[in-house]
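Subject: Structure handover

Hello,

Here is the structure we talked about. Please open it alongside this email; my notes follow.

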Amino acid sequence: MRTHHPPSPLTLPRPLPALLLPTLLAGAAAAAVPTGHAIAPPPTAAAPSGHGPVPAIHTAIPGFHPAIPSGHGFAPATTPAPPPPAPGIDIESYRFELTLRDDTDEITGRTTVTLRFTADGVTEVPLDLIGRPPPEPSAARPPPAAADTPARGMEVLAVTTPAGNPLAHRHQDDVLTVTLPSPGTAGTRSTFTVSYHGIPASGLRIGPNKYGERTFFSDNWPNRARNWLPTVDHIGDKATCEFVVTAPAHYQVVSNGRLMEETDLEGGMRLTHWKQSVPISPWLYVVGVARFAVQHLGEFKGVPVQTWVYARDRDAGFYDFAVPTIEVLHFYDAYIGPFAYEKLANITSPATGGGMEAATALMYGENSVTGERSVGWRNVVIHEIAHQWFGNSVTESEWDDVWLSEGFATYFTLLFREHAYGRDDFVTGLRQAAERVWRWYDDNPDYRVVHDSLTDMSRVTSVATYQKGAWVLHMLRGRLGDEAFWRGIRLYYARHFNGTATTDDFMHAMEEASGDDLQAFFDQWLRRGRNPALEGSWRYDAAAGAVQIELRQVQPGAPFEVPLEVGIYAEGDLLPAQVTTIRIDGPAHRFVIPVAAEPAEVRLDPGTWLLFRSDFRRGPPR
Ligand SMILES: [Zn+2]
């Protein structure tokens with residue numbers, strides 16, 4: 001048992017720069033908006049010359065490299081790497097050349113793949129690419145509707161070497177297998193180009209926006225890039241990407257990374273070239289092609305920040321997206337580590353309902369433009385920016401660990417809200433998240449946050465991966481304290497920067513930062529179902545000068561082991577006069593807490609640190 005003063009608001013390890021703008025402080029009430037799932041040079045390059053007053057907190061961490069060098073007091077990560085998505089190869093870069101037209105939904109593509117062999121003797125390279133369905137058996141007459149609908153899927157026309165020589169290949173069961181001219185040797189590279197065409201069945205949405213204007217927008221999440229881009233479409237195989245898009249000149253084209261070229265061509269077409277020089281996962285490769293209004297909003301440490309909205313939404317969209325992006329970038333850069341990328345663009349899209357975090361090119365549903373700076377949409381913007389750190393730069397190795405993306409983005413959104421809009425807004429967000437978790441677990445009591453070799457991609461995310469994942473981080477912060485929590489977060493980010501990570505990698509970073517053994521904490525919150533449900537009562541024992549508390553864990557299954565704060569309130573108090581921490585680890589407990597006077601009220605978890613449900617009231621005197 002431990003008694004202390006009431007928990008103070010978030011104390012961060014360094015003083016924050018003055019990020020608050022008057023506009024940030026308006027309207028802190030939270031509205032419910034569906035969250036979807038949704039650039040500076042790479043850190044090895046010279047840091048851009050000083051923009052902004054943000055302290056360089058990340059310099060406290062030795063070396064922003066995929067692994068912490070030995071000799072800095074950190075043990076090397078011991079978690080075995082998950083199996084590579086395609087044995088013996090690591091894709092390094094894709095160059096996607098696409099031609100889009102107004103008179104057909106068929107796209108023409110040339111994808112140049114550069115890979116590095118990680119083993120000797122590789123003779124074949126499998127790429128994910130959804131093909132056209134096999135032709136109808138000749139005896140079967142296709143139904144009339146099918147006869148009018150062109151077949152969807154991609155047809156491969158050729159695979160060639162850089163010298164233009166054809167390579168043998170076969171395209172079966174949505175896998176394009178390329179036969180190399182000679183077996184690969186570990187450490188060497190190979191490059192080839194796939195030429196193809198077809199109408200995407202999914203992944204690239206071609207159709208009208210809310211104004212009836214034709215648009216082309218990607219929608220790859222979680223594994224639909226393969227519908228229009230030949231890729232190793234696996235979350236763990238990160239590569240750089242370039243989009244070289246030829247489209248009618250009345251469109252503008254936005255994509256990942258830095259704008260390299262815009263050239264008007266013959267026949268009313270325009271070529272637009274974007275290059276993403278930092279490796280990212282295939283679901284994050286995006287294009288948006290529409291009649292845009294584009295605002296160059298400003299810079300964050302030399303990184304351009306842009307707004308891309310439909311031309312008809314120009315005034316309202318520029319107003320809505322003017323805040324709080326730059327302030328959010330400063331916050332995460334200061335508290336987690338450096339922003340990984342070359343640009344940040346907020347973009348409206350008809351292909352997403354809520355938000356989509358694509359690296360450097362963040363997409364929002366087309367109803368995000370309201371002209372009123374909706375608080376709900378503001379929170380979606382913060383969430384998608386948080387993903388640039390967690391999900392995009394540090395990427396879960398497998399979808400099983402998707403909470404490392406969604407739980408983190410959800411909690412770091414709350415952390416920005418705590419910083420910018422105050423503790424009450426933060427607690428409001430936490431309590432809303434807890435309510436959603438409870439409602440969801442009523443129907444899914446055994447759901448585990450970390451999946452066990454999930455194969456059904458429709459079940460990747462849930463309230464548990466978002467809101468419960470956020471709560472797990474919050475409880476971890478409560479357990480470790482702010483200082484060790486942020487130290488661990490920065491260590492985890494530094495160690496896996498522009499790489500991949502597992503839940504165990506995260507646990508090990510937090511253990512190293514805190515000195516705690518966190519295995520039981522991670523197991524009970526992430527690898528089993530249910531959450532603690534408490535029933536009990538309190539009574540005042542005047543003779544003993546103490547409060548007696550009886551508590552039972554009533555959820556089915558093994559009891560949780562959790563710390564729980566108990567607040568003792570005097571008459572009329574908003575804050576507890578005394579806070580005592582008790583430890584719950586069995587089915588039933590009885591505690592005695594000495595108090596100075598008879599309390600008016602006793603409440604569990606006054607600081608909002610535990611995900612639990614309770615029926616707790618004053619019992620009759622004995
Ligand atoms: Zn998300």
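Val253 stands opposite Val289 in β15. β12 and β15 (residues 287-290) run antiparallel and are joined by four bridges. Strands here are DSSP E runs of at least two residues, helices are H or I runs of at least four, and both are numbered from the N terminus. Two strands pair if DSSP finds at least two bridges between them.

This is a predicted model: local features need pLDDT of at least 70, side-chain atom pairs count only at pLDDT 80 or more, and totals for chains, interfaces and linings use all residues. Residues are numbered from 1 along each chain as its sequence is written.

The sheet is open and antiparallel, with four strands in the order β9-β10-β15-β12. Its edge strands are β9 and β12 (252-255), each pairing on one side only.

β9 (residues 204-208) pairs with β10 (residues 214-218) over five bridges, in the antiparallel sense. Ile206 has Phe216 of β10 as its bridge partner. Five residues lie between the strands of this hairpin, where Gly212 takes a positive phi near 80°.

Now the helices. The axes of α9 (residues 482-495) and α10 (residues 503-514) come within 8 Å and cross at roughly 135°. Axes are lines fitted to C-alpha atoms, for helices over the stretch in contact; angles run from 0 to 180 degrees between N-to-C directions. So α9 is oblique to α10 (under 35 degrees is roughly parallel, over 145 roughly antiparallel, 65 to 115 roughly perpendicular, the rest oblique).

Best wishes
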